[in-house]
Amino acid sequence: MHSKQRETLGGLIVASAFVIFLTSVGSLIFPALALGAAIVCAHGAFRIPEDLFLDEPDQANGAASVNLLSFITSATGGRV
């Protein structure tokens, strides 16, 4: 970035911070960011990454999609 662009960017950042802190917008933004961070942290804490990978070669090659729809063939007696 050139010097003029950096000055413009800096001025816009200062003006934005000024508007956020002197109006009621800041009282909405910061709790929303905190709530979003809490949700992301809770999601990460309860996530089980072992279920994300397929170890069996037949599932990795597409057999999982066949097994996914096997309830249709069992419900129709194999006449699909």
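Student: How many of the residues in this chain are buried, as a percentage?

Tutor: Burial is read from relative accessible area, with buried meaning under 20%. In this predicted model, buried residues account for 1% of the 80 residues in the chain.

Student: Which secondary structure elements does the chain contain, and what pattern do they follow?

Tutor: The chain has four helices and zero strands, and reading along the sequence gives the pattern α-α-α-α.

Student: Where does UniProt place the "transmembrane region", and how is that span built here?

Tutor: An annotation can be set beside the modelled geometry. The unreviewed UniProt entry places the feature "transmembrane region" at residues 12–40; in the model, that span is 90% helix and 0% strand, and its end C-alpha atoms lie 29 Å apart.

Student: How many aromatic pairs are there, and why is F21 with F30 called stacked?

Tutor: Two rings pair if their centres lie within 6.5 Å, and planes under 30 degrees apart count as stacked. By this rule the count is one aromatic pair: the ring centres of F21 and F30 are 6.0 Å apart and their planes are at 25°, so the pair is stacked.

Notes: Residues numbered from 1 in each chain as written. Predicted model: local features only at pLDDT ≥ 70, side-chain atom pairs only at ≥ 80, totals over all residues. Heavy atoms only, no water. UniProt positions renumbered as here; feature names shortened; annotations may be inferred. Helix = DSSP H or I, 4+ residues; strand = E, 2+ residues; numbered from the N terminus. Phe/Tyr/Trp six-rings, centres within 6.5 Å; stacked < 30°, edge-to-face > 60°. Buried < 20%, exposed > 50% of the residue type's maximum accessible area, 1.4 Å probe, protein only.
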